Amino acid sequence: MLIQLRSKGASLAIRIIFGLLLLLLIPSFVFWGASNRTPDFQKEVEVATVGDVEISAAQLRQSVDRETKRMQLQSGGPLDPQLLRQLGIVDRALQQLVELATFSIYGGKLGMARPDDAVTADMARIAVQTNPLFQGAGGTFDPNRYESFLREAGFSQEGYAKQLRQILVAAPIAVAIRTGAQAPQTLTDVIYAYRNEQRVAQSLLVPDSSITDVPTPDDAAIAQFHKDHAASYQAPEYRAVTIVRLRPEDRVAGIKISDDQVKAEYDARKSEFDVPAQRKIAQAVIADEAAAKDLVAKVRAGTPFADAVKAAINADPLDLGDFAKVEDLQNALTSVVEEVAGAKQLADSIFAAKEGDVTDPVKGPLGWVVFGVVTATPAHVQALGDVHDKLAHDLALRQAVSELIEVGNQLQDELGGGTKLADAAAKFNLPVEKVEAVDKTGKAPDGTDVAAVKGDAQSLSIAFDTTEGEDSPLTDAADGGFVILHVDGIRPAATRPLEEVRDKVIADWQAIERQKGVGIKAQKIAERIQGGEAIDKVAAELNVTVQTSQPFKRDSSDISANISQALATKLFAGKVGDAASDRSISNDGEVVAVLKEIKPADMTADKDAIADVRNKLGQAISGDIYDQFSAVLQEKIGVSKDQAAIDSLYQ
């Protein structure tokens, strides 16, 4: 409770207020989509009764439909009726309707108003007529807009007015309860102080590796450990599959493309072969201006840029990359030249330079920068001869894809006639790959990658979506071809036999025994420190380092001192000088820590945070009051629910 206050901000008090806004000001359920199956709260089966107020199946459906549409917009997918029940949407929607009816009845009993009073009806009429959403261009009530809203929301005028009158009666009561409770400042201060107290500790690590006398378990212990920890030795489901891939690339070699075809393709795609000018740029940063100028002089005298830089700073130039546009180079130079104009001028000069040229030194934030043009490729058009083979391959690949469509159709005809996949593939000279066993991740039982499906998530997905003994559908593949497979067999997930995992079982048994041993060792060390021995002395004996933590809170940890949240909790239960131990954050040993300092919360440091605690605490208190008040009202007024009717709507 003190660490994390329950959020009651969404209690029904607030929901009713929001409901009032929903119906009076922002009838957004028009956009959420109310049910079209029942356009009115007409007389039909009741799902609940509150006093003498009946809640119909239509009301429940509309309420659920609005919430469902909202969630569908968030999730991007449909929600089936059973999922609605599992998510609690149906129960929540019904409870809101029950509580709305409860408070409207209670308002009548208080003599405030009743939903069917003339005064309430007048209030509802005024609310509708003054709602901006129902007003025309002149600012007056537009019946057509109102009727359109009701039609899209699935309401009749009577049904809408009925629920509006209930809210007008219930809302003032809900608001009164919601705003009537405040958190005492004393309680707020206690909670804030509890949450924000900090502690400082010193710690040392007793590693698991320090326990070296763990024996080898006997056969009985091995067998029992394997049985007790069977979940750790589960083998996944494996499938044996026959895979046939219709790959365009496999057919390319047998397809002849003429030079005329290549020339026509080149002409059609000529714009692709315009190669812009390219500059490969490198830079060197020299601390001294004179040394930078000397480097430039040597390069201009004939020394290669890389050699001159190596001689000057004993390092290679920094490669800035290849640039096809002055603008791209300009952006890269902004770290050296902050002014846009200066960066543009420098980029222009570099692009105008020849291969092997260097710039004059430029003052940068870290020293004097010299830029070298490593390569300078002028703009040009790739000739037909340069791209002939690529174009021929592209054309052959395109033709192969077209041919495979027909082959795929013929293959499916063969399979439809009862031919086995491997035999049908052989008839069309298609390669067949056999996989004896593969899991969903593409691994064989020995943990190695299965070559036939390595990197092929599509085939793995198809394999595990296909029924044993069946062929999968012929499926489009990413390379423009197709893939189809047959599931030859399924080996269900099961515990691996002991003989298969014996070495791992022994290692796991020893690891646990080692952890037990280090836990006992750490406990004895903690007792020594608790008894007054200095942690530094103990650490020296163990040849380990003492770490001092940063201040940490009770619900946090400190990586620097290897203090987990569990250990922090133990340290918060003690006083200065107390010692405790727990597993390390990295789970490689036991950490022993001694509490060195308690730092109380600063109650003057963050007034806004204290105010936030008080606000949230007030919400939690008012939420509790509201829930209790609502429960008592429902008990006194009487609520009955027809679970069978509810189940019939959502099953």
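Start by selecting helix 19 (residues 457-465), which lies across strand 5, strand 12, strand 13 and strand 14 (482-491). Helix 19 runs at about 50° to strand 14. Helices (H or I, at least four residues) and strands (E, at least two) are DSSP runs, numbered from the N terminus. Axes are lines fitted to C-alpha atoms, for helices over the stretch in contact, and angles run from 0 to 180 degrees between N-to-C directions.

This is a predicted model, where local features need pLDDT of at least 70, side-chain atom pairs count only at pLDDT 80 or more, and totals for chains, interfaces and linings use all residues. Residues are numbered from 1 along each chain as its sequence is written, and side-chain values use heavy atoms, with hydrogens and water left out.

Four strands form an open sheet in the order 12-5-14-13, with antiparallel pairing. Two strands pair if DSSP finds at least two bridges between them. Strand 12 (432-438) and strand 13 (475-476) are the edges, each pairing on one side only. Strand 5 (residues 238-246) and strand 12 are joined in the antiparallel sense over 5 bridges. Pick Val 244: its bridge partner in strand 12 is Val 432.

**Two helices**

Go to helix 5 (residues 89-109) and helix 23 (residues 607-637). They pack at an angle of about 75°, with their axes 10 Å apart. That makes helix 5 roughly perpendicular (65 to 115 degrees) to helix 23. Contact (heavy atoms within 4.5 Å) involves residues including Val 98, Phe 103 and Tyr 106 of helix 5 and Tyr 626, Phe 629 and Leu 633 of helix 23.

**The largest core**

A nonpolar core is a set of buried Ala, Val, Leu, Ile, Met, Phe, Trp, Tyr and Cys residues joined through side-chain atoms within 4.5 Å. Buried means under 20% relative accessible area (1.4 Å probe, protein chains only). Of the 23 residues in this core, Val 47, Ile 55, Leu 60, Val 64 and Leu 94 touch the most other members. Click Ile 55: leaving aside neighbours within four places in sequence, its contacts include Val 47, Leu 94 and Val 98. Apart from this core lies another, of 22 residues, among them Val 214, Ile 222, Val 518 and Val 594.

**A last stop**

Select Glu 590 in strand 18 (residues 589-599). Is Glu 590 buried or exposed? Glu 590 is buried, with a relative accessible area of 10%. Not counting residues up to four places away in sequence, Glu 590 touches Val 518, Asp 582 and Arg 583, among others.

How values were computed:
Angles under 35 degrees count as roughly parallel, over 145 as roughly antiparallel, 65 to 115 as roughly perpendicular and the rest as oblique. Buried means under 20% relative accessible area, exposed over 50%, partly exposed in between (1.4 Å probe, protein chains only).
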